[in-house]
Amino acid sequence: MCPDKETLSAYVDGELEQEWNETLNYHLEGCSACSRNVRQLHGLTNVMHAGDTAVTDALEAARYRVWRGVRSSCEQRTYHSLPFRVVKIPVPTMALIAVLCLVMGAGTMMLWTGGYMMDRESPVAAIPDDHQFSSAEELLEYLSRHEKSLNITIQLPEEPVFLVLGEPQLLRAADYRQGE
Amino acid sequence: MRRTGFLVLTLMLLLPMHSPGQEGDVDDLIRQVLYLEFHARLLTGGGELLWEMENKAYTISGRTVDVRLEGGNVLAISHLTPYLRNDDMVLLVAQGEVWYNRNNPRDVKYYSGMTSIPIELGESAIFFPLGLNEKIEQTAYIIEIEITVDRYTQLQKNR
């Protein structure tokens, strides 16, 4: 009587006990069908083992590729010794810096050539005290330059501590002087 | 028909070139220019003058002049807008904004208020951005900005 497939499979995998193993060896010598089955099972096992090796090889190759990539990127980031340190700046950042430089330059030029613009170093005179407009055009040009509003900054002395005494008030000078 | 159209077109082109009112327009515009003179003062509660500064600005009716006063613990911005009402009157609108701290530098308080007064051209008004208390303590300080508004043309005549 021939053994079932599970037993043959266990035999091929070497999972049978010694006693059963010897019995099956004896049977295989006389049974061509079981011998064929065992050969097929051995073949299948070999293929599977070969498959394992292929997967392992593929994994190894992938791991090698990854490490090679990592190593190469590390080599690219290696900085040169001082004073020639290479700093990589992304293009958008470079563009932003350039635009900021332009705006600041233009602002500085405007302040430099702004004529009546306020100067924060000294208490501001919106217009120099002795200034007189030579023509109506000059006056209109001055007014068009301050389209929104004119700002005058007056620096108060630093020392006294001021108190808010109430709502802002606007009085006729004559009335206020009378009341004094 | 074509000739009439051509004449109308020529007249339309030439009329703006012949502008007898252009100089008058500039004169009218110049008449709208106002001259603001500021006299900022710092006084003690007792009325003693501690500090003063003068400044001036040119503007036109309805355009704001911002006067910014910066001190140790206070920043007061006065937005002053003169509106010409008729030949000799001006409505002076003043909006005051005050940021100030008394003890703790982080504890900044903000006050805002708006007021207006009609004055004659050449007349002065006094603006108190930090307010004015009748019962002022002698230790308190008063900031006042005296504003005189006049026409630019009047200023030229006076010169």
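Me: In which helix is the place of W67(A)?

Reply: Helices (H or I, at least four residues) and strands (E, at least two) are DSSP runs, numbered from the N terminus. W67(A) lies in helix α3 of chain A, residues 32-76. This is a predicted model, in which local features need pLDDT of at least 70, side-chain atom pairs count only at pLDDT 80 or more, and totals for chains, interfaces and linings use all residues. Residues are numbered from 1 along each chain as its sequence is written, chains are lettered from A and ligands numbered from 1 in the order in which they are written, and side-chain values use heavy atoms, with hydrogens and water left out.

Me: How many residues does each chain give to the contact?

Reply: Contact means heavy atoms within 4.5 Å. Chain B gives 61 residues and chain A gives 45.

Me: What area is buried between chain B and chain A?

Reply: Buried area is the accessible area (1.4 Å probe) that two parts lose on being put together, summed over both. Here the value is about 4900 Å², and carbon and sulfur atoms give 63% of it. On the side of chain B, Y58(B), R63(B) and E70(B) lose the most area to chain A, together 13% of what that side buries.

Me: How many salt bridges does the rule find across the interface of chain B and chain A?

Reply: A salt bridge is a side-chain nitrogen of Lys or Arg within 4 Å of a carboxyl oxygen of Asp or Glu. The rule finds two across this interface. E123(B) forms a salt bridge with R172(A), where the closest N and O atoms are 3.2 Å apart.
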